[in-house]
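Please examine the structure shown below together with its sequence.

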Amino acid sequence: MRRMILAAGLLFGVWALQAQTPVPTSWAEDGGKVMSEGYWKIWNPEVQAKIDRNIEQNRKADAVVQVPAGVDVKVEQVSHSFLFGGNIFLFGQLQTDAQNRQYEQTFGDLFNAATIPFYWKTLEPEKGKPRYEAGSPYIFRRPPTDPIVDFCNKNHIFAKGHAIIYGMRMWGQPVWMPEDRKQMEYYFEQHIRELATRYKERVQMWDVVNEPIDQANRGLMPDDYTYKCFKWAMEYFSPSVIFNLNDIDMHGGLPYIRRYVEIARNLIDRDVRIDNVGGQMHIFNPNEARQIAEGDSILTPEHLWSVVDCLRGADRPVQVSEVTICAPDATQEGKMIQAVIARNLYRLWFSEPGVTGITWWNVVDGGGASGEPSYSGLYDIDMDKKPVYEVLDNLINHEWKTNLTVRSDENGLLKFRGFRGVYKLSWKDKKGKEHSMEYNLR
C-alpha cells in the first residue's frame, strides 16, 4: 500500500511539474521539447521582433494628463479598448453551479466581450414562440438569450449577437421557414425588427449576416438577401449599434479572400453600413495542429499578414471573429502545442493595425457543435485551466496592460505611453489626501 501511495505521489509530482512548465516562446526556450525546430524557424526571432515592434507602434498611445504638479501618480489600466472575446454558448449549461460561476467569471477575468448565440433555427424552433426568456426549453449550446444579455450588461461585458441571419440551413433558418423567396423576405424583415425592438442598444454589436459567400451550396434564400438584411437592420436598429459582415476562413487562398472583400465593398458602395469585416480561423483537425507543431507551413506569419492586409482592403476594421485552435490530443504535450500556436497567433493579430478584436470560439473542451473538435477549449471538461488559458491571461492581463508610477512635472503634466484603454490615475496631495480620476487613452 505504501509503495502505491509513493508511486501515486511521484506521478502527481511529475504531472504538477508538467502543468507548471512555462509555455515556450522560442527555440532557445523550447529546444524541441514541444514544437519542432521547423516550427521555430517559421516563427523565428526576426518575426517575433517585428510583432513586438508592431504591438508597440499600433496598440499603444502617448498620454498627456493634467494633474497637480510634482506628485507621484499610480497609473493602472483597468480595461482594454481592444475586444478580447469568447463565445458564451454554454452559459448556465455546465454540470454544477460552481462550474457555471467559473464559466461566467471568464467573461470579465479574461474576456471583455461575449458572442451570444442568436441562431434563428434554435432561437425560434416553433413559429411565434422564440426562446428569449429564462426557463425556455433546453437546447445544447443555445441557452435563452435574455439572461445572457442581462449578465453582459450587468458586468460591463461587450455583447455581440451572432447571427441575425445565417444562410446555412443546418444552423440558420427555422424548419418552419417557407420555401418561397418572397415569403421568406417578410419573415426576415420581421425577425430583424423584433430583435432591434427587444434589445435596442443592450446588444452593442451584431453579425447581421453570417457567411454569405457560398450561398449556392447552403440553401434557398431571398434574392440579394445580404443587401436587404443590412438595409432592414439600418432601418430598425439604433445608429449606435455596430454591424458586422462575417465570413471567410483565414486559412484560405487570397483569391477567395479578395472575393469576400469585393462583396463587402459592393455592399458599401450601395450605401450599406458595414462597420467591421469578420474573418475566421478554425483549426478543427487535431492532425493539423500536430502538423503545425512539426513545422508544416500551413499557417505562416507571412500568410496571416497578407490575409489581414487583404481584409483591410474593405476599408473597415477587421474582427478575428471566430478562433478555434484544437490540441492534437488531451495529453500535456498536446495542450502545450495548443498554447504555443495560440500565443503566436494572438500576438500577430494584436500587432496588426486595423484589427480591433479577437474572439475565441469554444471556451470548454467538448463544448463545440457536432463535428467540432473536443480539445479546443481554454478549460478541460472538468473546468480545469489548460496552458492556453494561462497564455491568454498573461498576454491580456499582464503583457498588454500598462501599470506604472509616474511623477508629474512642474506644470502638472503627467506623461506616459501605454496600451489603449481606460485607466485609473491616483495620487496623494501634500496633506496626504488621496485623489483619483478616470482617463481614457484612445
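**The open sheet**

In strand β13, the bridge partner of Lys74 is Ser426. Helices (H or I, at least four residues) and strands (E, at least two) are DSSP runs, numbered from the N terminus. Two strands pair if DSSP finds at least two bridges between them. This is a predicted model, in which local features need pLDDT of at least 70 and side-chain atom pairs count only at pLDDT 80 or more, while totals for chains, interfaces and linings use all residues. Residues are numbered from 1 along each chain as its sequence is written, and side-chain values use heavy atoms, with hydrogens and water left out.

- An open sheet is formed by four strands in the order β11-β2-β13-β14, and their pairing is antiparallel.
- At the edges stand β11 (403-407) and β14 (434-441), each with a single partner strand, so one side of each has no neighbour in the sheet.
- Direction ignored, neighbouring strands of this sheet are turned by 25 degrees against each other on average. Axes are lines fitted to C-alpha atoms, for helices over the stretch in contact, and angles run from 0 to 180 degrees between N-to-C directions.
- Six bridges pair strand β2 (residues 72-80) with strand β13 (residues 421-428) in the antiparallel sense; Ser79 stands opposite Val422 in β13.
- β2 is also joined to β11 by five bridges, and these two strands run antiparallel. Here Lys74 is opposite Thr405 in β11.

**The barrel and the helices packed on it**

- Eight strands make a closed barrel, running β3-β4-β5-β6-β7-β8-β9-β10 with parallel pairing.
- From one strand to the next, the twist averages 30 degrees.
- Strands β8 (residues 276-283) and β9 (residues 318-325) run parallel and are joined by seven bridges. Ile283 stands opposite Ile325 in β9.
- Helix α8 (residues 181-199) lies across β5 (158-166) and β6 (205-210), and runs at about 170 degrees to β5.
- Helix α9 (residues 225-236) packs on the sheet and touches β5, β6 and β7 (242-249), with its direction making about 155 degrees with that of β6. Contact means heavy atoms within 4.5 Å.

- A cis peptide bond, with omega of about -10 degrees, joins His162 and Ala163. Ala163 has its place in strand β5.
- Glu211 lies in the loop between β6 and α9. Glu211 is not a glycine, yet its phi is positive, at about 55 degrees.
- Arg218 is found in the loop between β6 and α9.
- The side chains of Arg218 and Glu211 are joined by a polar contact of 2.7 Å. Such a contact is a pair of N or O atoms within 3.5 Å; within protein, one must be able to donate a hydrogen and the other to accept it, and residues adjacent in sequence count only if both atoms are side-chain atoms.
- When its neighbours within four places in sequence are left aside, Arg218 is in contact with Tyr166, Gly167, Met168, Arg169 and Glu211.

**Helix pairs**

- The axes of helix α13 (residues 332-351) and helix α14 (residues 387-399) come within 7 Å and cross at roughly 30 degrees. α13 is therefore roughly parallel to α14. Angles under 35 degrees count as roughly parallel, over 145 as roughly antiparallel, 65 to 115 as roughly perpendicular and the rest as oblique.
- The contact of α13 with α14 has nine nonpolar, two polar and four charged residues. Ala, Val, Leu, Ile, Met, Phe, Trp, Tyr, Cys and Pro count as nonpolar, Asp, Glu, Lys and Arg as charged, and the others, Gly among them, as polar.
- For helix α11 (residues 286-293) and α13, the axes come within 10 Å and cross at roughly 70 degrees. α11 is therefore roughly perpendicular to α13.
- In this pair, Ala289, Arg290, Ile292 and Ala293 of α11 meet Glu333, Ile337 and Ile341 of α13. By class, the contact has five nonpolar, no polar and two charged residues.
- Helix α10 (residues 254-269) and helix α12 (residues 301-311) have axes that come within 9 Å and cross at roughly 20 degrees. α10 is therefore roughly parallel to α12.
- Leu254, Ile257, Arg258, Tyr260 and Val261 of α10 make the contact with Ser306, Val307, Cys310 and Leu311 of α12. These residues divide into seven nonpolar, one polar and one charged.
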